[in-house]
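The report below describes selected local and packing features of a two-chain model.

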Amino acid sequence: MTLDQILVIIGGISLSSWVAWYFWFSEKRVVKIETSAGGFQEAVITVKGGYTPDVLLFEAGKPIKLNFIREETAACSEQVIFPDLQKQAELTPFKSIPVELQIDKPGEYSFQCGMGMLRGKLIVQ
Amino acid sequence: MAHDPVCGMEVKTPSKYWLDLNGKRYEFCSIQCINKFAIDPASYINLDYAEQNTYRTTNYGIENIELNINGLQCATCVANIENSLKIQRGIKKAHVNYATSKAHVTFNNKDITTNEIIDIIKSGGYTVGFDTLKIGISGMHCGSCVTNIEDGLKKKNGVIDANVNLASGSASIKYLPGFINADELRKEIENLGYLTFYKSSNETKLEQGKLHEDDTNEVDDNQAARDKEYKTLMKKFIFAGILALPVMFFSYPTVWNLPEQFQMGSPVLKYIWIVMSLLSLPVMFWSGSQFYTGAWAAFKNRSANMHTLIATGVSSAWLYSAVATYFPGIFPEAVLADQFYDVIFVVIALVVLGMALEIRAKGKSSEAIKKLIGLQAKTARIIRDGKEVDIPVEEVVLEDVVIVRPGEKVPVDGVIVEGSSSIDESMITGESIPVEKHTGDEIIGATINKTGSFKFKAIKVGKDTALSQIIQMVEQAQSSKAPIQKIVDKVAGYFVPSVIIAAIFSFVVWYVFGPVPNLIYALIVFVTVLVIACPCALGLATPISLMVGVGKGAENGILIRSGDALETAQKLNTIVLDKTGTITEGKPSLTDIITWNGFTEEEILTLSASVEKSSEHPLGEAIIKAAQDKEFNLSNAHDFNAVPGHGVEAKVNDRKVLLGNLKMMKKYSIKLDSLEFKSSELADKGKTPMFVAIDGIAAGIIAVADVIKPDSANAIEKLKSMGLEVVMITGDNSRTANAIGKQVGISRVLSEVLPEDKAFNVQKLQNEGKIVAMVGDGINDAPALAQADIGLAIGTGTDVAIEASDITLIKGSLEGVVLAIQLSKATMKNIKQNLFGAFFYNGLGLPIAAGLLYPFFGLLLSPMLAGAAMAFSSVTVVTNANRLRRFKPKF
């Protein structure tokens, strides 16, 4: 085995490990949402190729308001679906679309675009 | 009892603790209270006075509001809201109705405002329904005008929020209809010195639950965005596609047999490569911009998607080609200095085209819900203060009397109070034949009045109308997850990073073990693997079919509650039908008249109906209705007498009429002869026969029965032919039950079942290992519907959101059951096809792209072919789902 082959193997293995670590095992940034004066736990989520922020932390039992702002016209993100909560919303581009939820049971609730390519989740504690 | 002015407690008079002040005796509960009072009596006395004062003003400051509340889940919520309201100052009465999700609050507007009440309800975690009025305002010049109008509006009771936009010259006002209306709001703005004009019809909006707010407008906006995106993508495709042609031409000099100067290694080709490297930049960063922005956004969130794959693949190809173009010397062998610009152009062009086609196809998939939203009437003509006025449909309140002329849409749900007409209900129930409606009949909003004019009283408005409920149920079902999707979700989470790892792995294997030039092969395989993987097809497979299937159901009057229900419905093997109201009409009607001793049918029917006019028996109604349908003139009966357990007797036009059972006839010694035999024949068929005797002579028999719906037998036959075991359940005696069962072809009849035992009987069937569906009405059969694996509720009129049911059939026909099962089967088949296609495609495509076939057949996939395959796999999924739109029930 030549040196370049050995280097490619080592490079491949380390790159693969990095991919696996980065996408699966690294700690995701969780954004904690505070309760506003109106009694809502209100968050703004930017939709552009993904949801930013995409992991949000809420308190159980208090009303939640997510304001989605879709800053793109790519059809992929035109719908946001909360399958566990049986809710959906059409996201009109460049408008703030509120989605109000009430989650009493702590747990993780995912949300996604119509085809499941963009994903995010609500952690309710 | 006296009142402690300090703590507010009731104290026994005379109390041990008391004080005299200005001649008035004050009593207290304890020494502490006396002390407090003694220090500063004025504050407590004033409070006392203030309270009395308030009480007096309430006579004209008192108001009542009705608020729609969302999020009421249990009876305890009711108590929560009521209690949180009652402790507030100024609230006189608070009553929350769980069934209607409404709060009725009586309050004093001096102490508390509507907004504060709403805030209190909200702070408990519930939301309140309101309307939004969008109105244009002219005459605004500055920011202070904005605050001026906003403050002016917000002061009004019933206005929750007002937002004025100076730039667009408009206001968006959230208000409670029934408390203040659009006209009053407009006048308020005009009073402030501005001009108003209607921007568009105002739009109903609910704070929660209804996310398609600003309905029509929003749908249009979305459609416009979709159209724009389609056009942009097509432009991007054309740009990349046109450039791809010369690139393809010069990339394969040997294939096209080009002259020497264009072959590998020539200086001309080197310049062409430079041009291609530059041209590829706009293709990558304009035509393919979404791949980069999408990939980057996902990367930041530590996730990966289709864009990640395409962007990585295309970028790798470009990097390699650029090095080959500008620094060919780096490569140890000349043959390695090759370019892959063609891959960039073709892959981007094809994938972009695929995305454009997908948008087009997806627009069709969501047509059903758009159609439903579009059904809503915009205006209503109502009678207010004795005058006919046209108002936006959102402002129709309960009990309003609405006028509907021929050809017009019924704006909300209600009951006809005057007039009659035939109404086309096909858009709601799927029933194509217009239905005759008379005074007292329920009518459904969004249906079309065909022939006559009528007036009706609104009984359901806003989000309570059948149409709104249907839309909400369809949306909920469309956003639910079929259990089958859960596997897909697991896979999808790992899919893209796995593909990247697989691509790296393939690169390494080809580099180490592949043929010469191994670097080129390794790169091709790397790019091909990235490009061919299609996570979209996988992610889209279930939801898109579910969306089309559920929408198709709604078009046919079948409301499927969730993906779960759809998936279970196709696994059913036993179906339990409730008799009354499901197989039969649910109300008695006249079936037979047997004449005797020379009496005519008209005589018997007219006289019996005239007698029954005085009775209140439900069987009597059937006789009266039959006589009225035949337009016989009824007379008044005299000397009416009901003999319990026997029948009735009366005098009509001086003729003595007896109507009753055998006991009645025996009592009056009427000779029946073979009429008695005929009577038991009718009884055997499940009918209720009544003897009629006129002036002491037997005149005949009138038989009444709960008739079987005309299509029941056919539908049951169909269910049986689909391999389902059909069981009938009823509280009737076994003789009647079996008679009905025989007529509709059901052999397994569970008779004499008490209503509360129906659920138990369903469970017994389930214990036999069967997957059971129960069909019945949503009220009496609710426990059985809930117990069954699938509960199908037969809808009655406007009540469509039946809690216990998994599927609601708006049209009260058993054919709906057949249709629901067929549709579930068709949808699940479609989902499975899609999933199989997606898994098969990826499962087969990925190894081939990695070059698994190369050692055996020398076959290696071109990255461009991979791009084409990827682009069209997701289009195929959507197109296949759209095939469901052509679903036709098989009868």
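L15(A) is partly exposed, with a relative accessible area of 45%, where buried means under 20% relative accessible area, exposed over 50% and partly exposed in between (1.4 Å probe, protein chains only). The model is predicted, so that local features need pLDDT of at least 70 and side-chain atom pairs count only at pLDDT 80 or more, whereas totals for chains, interfaces and linings use all residues. Residues are numbered from 1 along each chain as its sequence is written, chains are lettered from A and ligands numbered from 1 in the order in which they are written, and side-chain values use heavy atoms, with hydrogens and water left out.

L15(A) sits in helix α1 (residues 3-25) of chain A; helices (H or I, at least four residues) and strands (E, at least two) are DSSP runs numbered from the N terminus. Together with W18(A), W21(A) and F25(A), L15(A) forms a nonpolar surface patch of about 460 Å² accessible area. Such patches consist of residues with over 30% relative accessible area and no salt bridge, nonpolar side chains (Val, Leu, Ile, Met, Phe, Trp, Tyr) being joined within 5 Å and like charges within 9 Å. A salt bridge is a side-chain nitrogen of Lys or Arg within 4 Å of a carboxyl oxygen of Asp or Glu, and accessible areas come from the Shrake-Rupley method with a 1.4 Å probe.

M115(A), in the loop between β9 (107-113) and β10 (119-124) of chain A, counts as buried at 4% relative accessibility. Leaving aside residues up to four places away in sequence, M115(A) has contacts (heavy atoms within 4.5 Å) with C76(A), E358(B), K362(B), C536(B), G539(B) and L540(B).

Most residues other than glycine have a negative phi, and most peptide bonds are trans. The table lists departures from this pattern.

| Site | Feature | Value |
|---|---|---|
| T52(A) to P53(A) | cis peptide bond | omega near -5° |
| V516(B) to P517(B) | cis peptide bond | omega about -5° |
| D673(B) | positive phi | about 50° |
| D695(B) | positive phi | near 50° |

D695(B) lies in the loop between β29 (688-694) and β30 (697-708) of chain B and is partly exposed, with a relative accessible area of 40%.
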